Amino acid sequence: MAETQDWNELAKKAGGGDRQALEAIVHGMQDRVHRLAMRMLVNPDDALEATQEILILVITRLSTFRGESAFGTWVYRVATNYLLNAKKIASRDRGLTFDMFAADLEAGLVADPEPSAEDTVMLNELRIACTMAMLLCLDLKHRIAYVLGDILEFEHAEAAQILDISAVNFRKRLSRARQQILAFTAQRCGLANEQAKCSCPRRLPAALAQHRVDADSKYHSSREGPTYEDVVASVKRVEGDLRGLKLQAAIPDYPCPTDLGAQIARIVETRF
């Protein structure tokens with residue numbers, strides 16, 4: 001990452017119409033924004049669209065960046081404001097609850113599954129998709145607190161600054177979100193609790209039939225990250241709440257699938 005002064009200089013140049021500086025800012029920030037959007041929205045198409053909209057806002061609001069915080073912190077503030085307040089985001093919220101999610105997971109489970117060697121990749125696909133979808137059961141304010149605090153591992157003071165709330169308020173939101181995620185994982189997830197009804201092998205046939213995962217795409221498991229067997233082994237080595245935390249951490253990074261620099265430069269020039 002460039003030093004703070006480099007970002008400040010790029011912001012000044014881009015704000016003055018320097019196309020190369022604009023593209024450099026987009027290129028430097030797009031992976032961070034996309035990872036945040038992906039963990040908040042889960043759907044790849046929605047995450048990419050949100051990433052583009054956020055980066056357009058970043059570029060068109062450069063004049064409001066005063067250098068009072070790190071440039072990356074300011075970008076995250078623009079991103080979280082969009083994800084929390086955009087009508088487009090709110091309109092796509094499914095109103096998913098933990099009870100609804102549990103009922104869906106436990107529908108159509110196979111009693112005695114016999115996964116084949118070919119199922120290994122799809123078990124990992126299901127494991128990742130399910131772990132990510134679990135966060136949709138949190139409302140947006142608690143979801144963003146959980147993503148910033150436990151997934152992106154921001155210091156609480158910086159996360160509070162990003163969200164423009166007090167550090168105390170942030171810690172309360174993060175604690176509530178964490179408690180719900182860990183409680184659900186401990187009770188419902190077969191990776192964390194061998195006594196749970198749902199497990200990836202029991203769930204996989206129904207997940208494929210219901211198109212919860214796509215055997216042709218393998219969107220999640222095609223990325224660099226731990227295998228299903230790696231996660232099973234690593235979770236067994238820890239106890240209690242650490243299992244839920246480890247499962248949420250065992251998700252691949254989601255870099256932006258395309259370089260948006262030139263594309264956003266054209267959009268900004270056309271719109272503004």
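Biologist: Which residue just after α11 takes a positive phi?

Modeller: H211 does, at about 60°. Helices are DSSP runs of H or I with at least four residues, numbered from the N terminus. This is a predicted model, where local features need pLDDT of at least 70, side-chain atom pairs count only at pLDDT 80 or more, and totals for chains, interfaces and linings use all residues. Residues are numbered from 1 along each chain as its sequence is written, and side-chain values use heavy atoms, with hydrogens and water left out.

Biologist: Which residues in α11 are buried?

Modeller: Buried means under 20% relative accessible area, exposed means over 50%, and partly exposed lies in between, using a 1.4 Å probe and protein chains only. In α11, residues 200-209, the buried ones are C200, R203, L204, A206 and A207.

Biologist: What covers the buried residues of α11?

Modeller: The cover includes α6 (98-105), α7 (120-133) and α12 (228-236).

Biologist: How is a pair of aromatic rings described?

Modeller: By the distance of the centres and the angle of the planes. Rings of Phe, Tyr and Trp (its six-membered ring) pair if their centres lie within 6.5 Å; planes under 30 degrees apart count as stacked, over 60 as edge-to-face, and the rest as tilted.

Biologist: How many aromatic pairs does the count come to?

Modeller: Eight. Take W7 and F71: they are stacked, 5.4 Å centre to centre, with 15° between the planes. W7 lies in helix α1 (residues 4-15) and F71 in helix α4 (residues 71-85), so the pair ties together parts 64 residues apart in sequence. W7 is buried, with a relative accessible area of 5%. F71 is buried too, at 1%.

Now take F101 and F184, also a stacked pair: 5.6 Å centre to centre, 25° between the planes. This pair links distant parts of the chain, with F101 in helix α6 and F184 in helix α10 (residues 167-188), 83 residues apart. Both F101 and F184 are buried.

Biologist: Which residues do ring pairs link into a cluster?

Modeller: W7, F65, F71 and W74.

Biologist: Which residue lies over the face of Y219?

Modeller: A charge sits over a ring if NZ of Lys or CZ of Arg is within 6 Å of the ring centre and within 35 degrees of the ring normal. Here R223 lies over the face of Y219, 3.9 Å from the ring centre.

Biologist: How many disulfides does the count come to?

Modeller: A disulfide is a covalent bond between the sulfur atoms of two cysteines. The rule asks for cysteine sulfur atoms within 2.5 Å. The count is zero. For C137, the closest cysteine sulfur is in C130, at 9.1 Å, too far for a bond. C137 is buried, with a relative accessible area of 9%.

Note on methods. Helices (H or I, at least four residues) and strands (E, at least two) are DSSP runs, numbered from the N terminus. Contact means heavy atoms within 4.5 Å.
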